[in-house]
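I opened my notebook to record what I looked up in this structure. The entries below follow the order in which I worked.

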Number of protein chains: 2
Amino acid sequence: MSSSSIAALDAADPLASYRDRFQLPEGVIYLDGNSLGALPRQTADRVQAVMQHEWGTGLIRSWNSADWIGAPQRVGGKIARLVGARPHEIVVADSTSVNLSKLIMAVLTARPDRTVVLSEPGNFPTDLYMVESALATLGGARQLQLAPRDTLAEQITDNTALVLLTHVHYKTADVYDMAAITAAAHAKGALVLWDLSHSVGAVPLALNDCGADLAVGCGYKFLNGGPGAPAFLFVAERHHATLVSPLGGWMGHARPFAFVDHYEPATGISRFLCGTPPILAVAALESGVDLHLEVDMQVVLQKSRALAQLFMDQVAVRCAPYGVSLVGPPPGAPRGSHVSFRHAEGYAIMQALIARGVIGDFRAPDIMRFGLTPLYLRFTDVVQAVDVLEDVLRTESWRAPEYQVRQAVT
Amino acid sequence: MSSSSIAALDAADPLASYRDRFQLPEGVIYLDGNSLGALPRQTADRVQAVMQHEWGTGLIRSWNSADWIGAPQRVGGKIARLVGARPHEIVVADSTSVNLSKLIMAVLTARPDRTVVLSEPGNFPTDLYMVESALATLGGARQLQLAPRDTLAEQITDNTALVLLTHVHYKTADVYDMAAITAAAHAKGALVLWDLSHSVGAVPLALNDCGADLAVGCGYKFLNGGPGAPAFLFVAERHHATLVSPLGGWMGHARPFAFVDHYEPATGISRFLCGTPPILAVAALESGVDLHLEVDMQVVLQKSRALAQLFMDQVAVRCAPYGVSLVGPPPGAPRGSHVSFRHAEGYAIMQALIARGVIGDFRAPDIMRFGLTPLYLRFTDVVQAVDVLEDVLRTESWRAPEYQVRQAVT
């Protein structure tokens, strides 16, 4: 594409004004918002206000006066609008991993007659780990069964307690058909737990319309909630009475400030809270969520698809000769909002890109992953990123010894 | 005491200069640092820097360049210096409640031959709730046994898997003899899990010297880590190999960035991590911990005892005639750093105090609780607080209807 046609895409972008809502460093093309979303300008102000006014001045009074105590439900209710759920079906709490465990153990203990948790090999590791931990903790004859996605639906039986899937795959951006899988599971009496970490804020979701049972999601990726932001969990209202958290802490109690010795779970979604919510972190997450509530997720999706199409086209033409091949959905197919390519030297190539200000990430063993965040990425950024990638490949600058050194976090 | 002798106490206070290190609101005497510690001035700057520079500019690179990935162990190592543990025996993670569950379930699954968890009635509710949840989740013949503290040691048997106690009682400030209880438990082959939430930053601790096995603690009380700050957990090195977390998330994996399907716990304390650490909240906690590392906990203890003595003496003389009676350790006895009094109208009296800027809290059914934080409280503050308390009692201003209205958080 000519530079003028790229510029025309940016000029016509209905989301173009949102780029200024983020604080982005000079000289960087940031293609890792799928791992850590960029800082919304309003978030720095918001967190500062929570620290200075609510914590510093309000002190303990802010649990009531600033409604800190209602934050998990309030922010959960806002996220519900992004994912097609009802506000009383989501709370913000803990980490994605901890929330996975709550729901996995809750289902397994509620359904002792079924012994299988079904997932896919190569699911995001912590999803599988939390199942393994739950099974080791609960004991008995239960097992984790892994089936490739093309045969997964057929593997659901009347012995399947839970199907645990990541809606958008963290490496490939492959997308499950939520409605179809959910229907297949329900036909066998199984429940489905969706990990929305790479979906929420990236693609439109319709949990209720799909008949979804359970979900968890991450606050620090496409929601721009800050590093290690609190996560959320969704439990469809019809399951509120029958599922009980294995982590029944005081914030999930029916009357937390009665200070009684015996646990009695709250009646609604609040029973899935555990300890005291981390207010500074929840405030940062709420700010990121508020920003997303200003935009139409269908518009976000259209731009995401257009950015991905441009990226895939440019790489196919300019970088394929150097051994770079697309991973995941082909152009035109449904996908998440990141694009991944395979190259045997992917780690070193990514380090060389980062050194030149094009920031994506690497996923073992050979995946270069690029997040396409419609709120703060321009079409020109995509083309410039491919300019740098092509140059790194052509000059083989990735062969420099410093790019071979493994970092703690890849 | 005369006002000049009170002023002399403040003039001689070796910790007097630390008050300026905190941002305290005008017109407030803050006696609730045991529930939510005040804001250290350096914390606002520190969190702002993490947001602007590490998140905003560093973005994903900060996991390595700002050592976000090492934060749970780094801050844990600092807390270890405050509690007499070795740096590799503590990590910062999750909430106190979640950490309780990790350790309770880890012990119960590692020791299937023992069926009893022993605690005391009136322990902090979430401690008991996490045991109840763990027992309901694990099933089997296990049970929670509650014994009053004066006979508790005798109730430890060779069927006791775990003794779970809060070192400083949240209502009364009663203190357990950690070395004695630990020895009594070890004599029967039982382990002890200490909740240090009302101890850490308030009284000197010597976990290793006491032979402690396991502990958890809260970041938002005497450590001034911010509302809902992350918690920490301690596992004595000798238990690292045998205890496995029921929440085995990717951050507790031996190789988190290998992204393999199968869980393999890290070899040391890191196996008790679960999800991605909340960096903004950990930064605020680290700042509060850093402040405490500047002071000698023995000096903190001496001032805490002196503040408590003054408070108890003043209340005994001036408020006892109105039906206010001391709860917990008598003057001169070992205690935590808060003082509690009983009054049938304690709730309304506390609301009247708060309305006049003397902020303590209420704990059902009739306890008025006052935290004495040596780093930012003066002896004159204590006397002035009792001035207000005496006035509220004498004038019965607590009878005003607005002080009867129950808040969400008490």
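**Entry 1: A:Tyr220.** I located A:Tyr220 in the loop between β9 (214–217) and β10 (232–235) of chain A. The model is predicted, and I read every value with that in mind. Is A:Tyr220 buried or exposed? Its relative accessibility is 12%, so A:Tyr220 counts as buried, the cut-off being under 20%. I then listed its contacts, leaving out residues up to four places away in sequence. Within chain A they include A:Ser35, A:Leu36, A:Gly37 and A:Pro227. From chain B, A:Tyr220 touches B:Trp250 and B:Thr276.

**Entry 2: the annotated set.** I checked the UniProt record, an unreviewed entry, and found A:Tyr220 under the annotation "binding site". The annotation also covers other residues, among them A:Thr96, A:Ser97, A:Asp127, A:His198, A:Trp250 and A:Thr276. The annotated residues are spread over 181 residues of sequence, and in space they lie up to 30.3 Å apart between C-alpha atoms. From this set, A:Thr276 belongs to the lining of the largest cavity.

**Entry 3: salt bridges.** I recorded 46 salt bridges over all chains, and I examined some of them.

- The side chains of A:Glu54 and A:Arg46 form a salt bridge at 3.7 Å, N to O. I noted A:Glu54 as buried at 16%, whereas A:Arg46 is partly exposed at 31%.
- A:Arg238 and A:Asp213 meet at 2.8 Å, N to O. A:Arg238 lies in the loop between β10 and α8 (279–293) and A:Asp213 in the loop between β8 (191–195) and β9, so this pair ties together parts that are 25 residues apart in sequence. A:Asp213 is buried, with a relative accessible area of 1%, while A:Arg238 is partly exposed at 48%.
- In chain B, the side chains of B:Arg318 and B:Asp387 meet at 2.3 Å, N to O. This pair links helix α9 (residues 297–318) with helix α11 (residues 379–395), the two residues being 69 apart. I found B:Arg318 buried at 18% and B:Asp387 partly exposed at 35%.

Finally, I noted a network in which salt bridges with shared partners join A:Asp67, A:Arg74, A:Lys78, A:Glu286 and A:Asp290.

Definitions and conventions
Residues numbered from 1 in each chain as written. Chains lettered and ligands numbered in written order. Predicted model: local features only at pLDDT ≥ 70, side-chain atom pairs only at ≥ 80, totals over all residues. Heavy atoms only, no water. UniProt positions renumbered as here; feature names shortened; annotations may be inferred. 1 Å grid on protein atoms, 1.4 Å probe; cavity = no way out; pocket = protein on both sides within 12 Å on 5 of 7 lines; lining within 4 Å. Helix = DSSP H or I, 4+ residues; strand = E, 2+ residues; numbered from the N terminus. Buried < 20%, exposed > 50% of the residue type's maximum accessible area, 1.4 Å probe, protein only. Contact = heavy atoms within 4.5 Å. Salt bridge = Lys/Arg side-chain N within 4 Å of Asp/Glu carboxyl O.
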